[in-house]
Amino acid sequence: MKPETKQFRSKAAQTLANKSVLQSLDHVYTGFHEGRLSAAADTPNWEELRTKGKAIKDHTIAHLDYYLGLLADNVEKSGGHVFFANDAEEARLHIVKLARARDVKTVIKSKSMVSEEMALADALIGQGIEAVETDLGEYIIQLAGETPYHLIAPAIHKSRKEVAALLNDDFSEGDPVPDPTELTMSARAKLRGVFERADMSVTGVNFAIAESGSIALVTNEGNGRMSTSVPRIHVAVMGMEKIIPSIQDLSTMLRILIRSATGQRITAYITMINGPRKPEEEEGPEEFHLVIMNNGRDKLLADPQMRESLNCIRCGACLNACPVYRKVGGHAYGWVYPGPIGAIVSPVMTGLKDAHDLPNASSLCGACHEVCPVKINIPRMLLELRWRTAEGKVDPDDRASSVKERVIWKAWRMGMMGRRRFDLGARLSRLLMRPISKRGWIRKAPPPISGWTSTRDFPLVASKSLKERLAAREKHGRAKPGQTNRDRP
Amino acid sequence: MSVTPSIQARPERVTLFATCMVDQLAPGVGESTVDVLEYLGLQVDFPSEQTCCGQPAFNSGFRSEALPVARRFVELFEQVDGPIVVPSGSCAAMVRNYYRELFRDDADLVQRAERVGERLYEFTEFIDRFFGTNAIGGRLSDSATYHKCCHMLRELGIDNPPLELLGNVDGLEMMPMERADVCCGFGGAFSVKMPDISSAILDEKLDNIEATGAITVVAADTGCIYQMQGGLRRRGSSVQVVHIAEILAKSISGSGRDPVRPGHRPE
């Protein structure tokens, strides 16, 4: 997928103006976020599990080369094939080539963000191969010709009516909107035939287990299990960080992943795959391929300040908790990964210069860090990227700050380096702003404050600083305590 | 409510770091902070050379501008002994959590900052730690709702002390707010750089505030207070946003409709 991170502001503005999308988006809070809260509250050792999850991922990422080698060996031992792809194009070409070599006519896809990095479905369709998304949300998105809006709920921005229009060809404006069960049944009827004729499946990987060479898939719709048992070829695609050492670790990771993602204790399906069908087995694919993709993850790995982002297990909890994501939506982030996690991985994986708005689009409220099942300190990394884009000290090419900004902050520093200058600056600001103020508030301020006053009143600097007030108090005794904004001086 | 044994030995003097915003924009908040601390029997020192902790530039990515200002803060406050009280969770978090990031290439400075940070408390945290949240016991006839400021809640983990302090004000009716812990959209320079996003987040907050029916909103960080008050004013609302120090100071001043109960000043 081609990054469009540069268009963050314009795409955010589109969402902000779309009431229907904003309404749908709020469901990530009332549904997922609140579900996660109660699931976490009902799990007595929740914090312990998070600590354990973080330790597992820290350890694995620190020894990634070892575990990738172990994983590849064990997949091959079980009769599977492993392909290491350095970038999305290599991965895409490999899979397209494989499909053509095996004379594949129909590919069914189960949800995978990594396949979005490759824009795989479109590439297969471009080769005359039928490629159909089988996750309901992904299917809706494919019909709409869009990209996923959310890590686990790709069509969360679509209203029921929009979904009905996409799923039912004969749905017309003004028809009663079918209920979700009916809609699901009509999608199911359409997909059933595709499942039956598919000769290849592409799935993601929630966790790859190094010691056994297995992959684990977590789904609620059963499409994952259908995909891994019906077609004769199964291709699983994963980012190279989606790995854990052992099956014991899987039990910890599943518990934190599922609760954090949907608030469920367990999903309807957990599918474990260990290579292709064995001679004594009756079902399963004849071939199993695991494609392990880098695509810029090595940049995160090589960067001590950003490495922790590779701990991400793609649960989406940070999106649901994020007040910014809930207002700008998934497409604003301009690449595969939206929300707070996207705001830290996209700039490194696709280039900070074009993505400098992403780390800046945050109030640094810390909700993402608070909910992360593996405790990724996203605010710290947002600040790191802000520094790189403001000052270009790590790579001069990263610098995206304007001369005006740099001058403002230089002036700010000068004002803060001595008390007299600090007071002088404040007096000067009051002097300039007082004529445009009314009872201590400014309705329309010049730049750089104009952004603020476009929607909010701005306070005028007080007539006397706290230092002066406290000095006067010492002289004349206590001033009137409990003065509020109502009686601003 | 805090139990007595967790209360640490009480200091007699404290040092106030007002924060740049309180110092120049909201000195009333600073005075109220002093009022409450004095009411608790403390002598309050105000190092008159203080300016800012450096957070605005740090959060905007301009670390080379933030660094000398932060270093100046450390140099100034390592000269005083005893607890340092800050009426802002955000500035307290800057010193306690982010100075180590800002100073990361200077191990000595990181250590010095840590020693200052260990003595630095957010205002309600300080009262809770050394006096307990029932130590104020003022009176005020008002109905208020409380907004949980993000850095105080998530960077410092201070959740209950402010609510307990407010709960212990006689006559103050606290109305629970939906999504009280969701950000108000301030975020420092973010509020100016991306005003449309900041305001959309604020709008949700203001809807939740208005739904409580309270006439006063209490918060504990000046930035958030001006974001919410500025937005409420634009809506034509008469709801007032006050700092928790202001409402506590008012509750013990006798300027509330009810007299302050006598004999409540702790020794």
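1. Within chain B, 28 residues of domain 1 are in contact with 22 residues of domain 2; contact here requires that the C-beta atoms of two residues, placed from the backbone, lie within 7 Å. The model is a predicted one, in which local features need pLDDT of at least 70, side-chain atom pairs count only at pLDDT 80 or more, and totals for chains, interfaces and linings use all residues. Residues are numbered from 1 along each chain as its sequence is written, with chains lettered from A and ligands numbered from 1 in the order in which they are written.

2. On the side of domain 1 of chain B that touches domain 2 of chain B, helix H2 (27-39) of chain B gives the largest share, seven residues. Helices (H or I, at least four residues) are DSSP runs, numbered from the N terminus. By class, this side of domain 1 of chain B has 13 nonpolar, eleven polar and four charged residues. Ala, Val, Leu, Ile, Met, Phe, Trp, Tyr, Cys and Pro count as nonpolar, Asp, Glu, Lys and Arg as charged, and the others, Gly among them, as polar.

3. In chain B, domain 1 spans 12-128 and domain 2 spans 137-253, the bounds coming from an automatic or database domain assignment. Their centres, taken over C-alpha atoms, are 22 Å apart.

4. For chain A the assignment gives domain 1 (43-298) and domain 2 (403-487). Here 55 Å separate the two centres, again over C-alpha atoms.

5. Between the chains, 59 residues of chain A are in contact with 65 residues of chain B. Helix H20 (residues 378-391) of chain A supplies the largest share of the chain A side, seven residues. That side has 31 nonpolar, 14 polar and 14 charged residues.

Notes. Helices (H or I, at least four residues) and strands (E, at least two) are DSSP runs, numbered from the N terminus.
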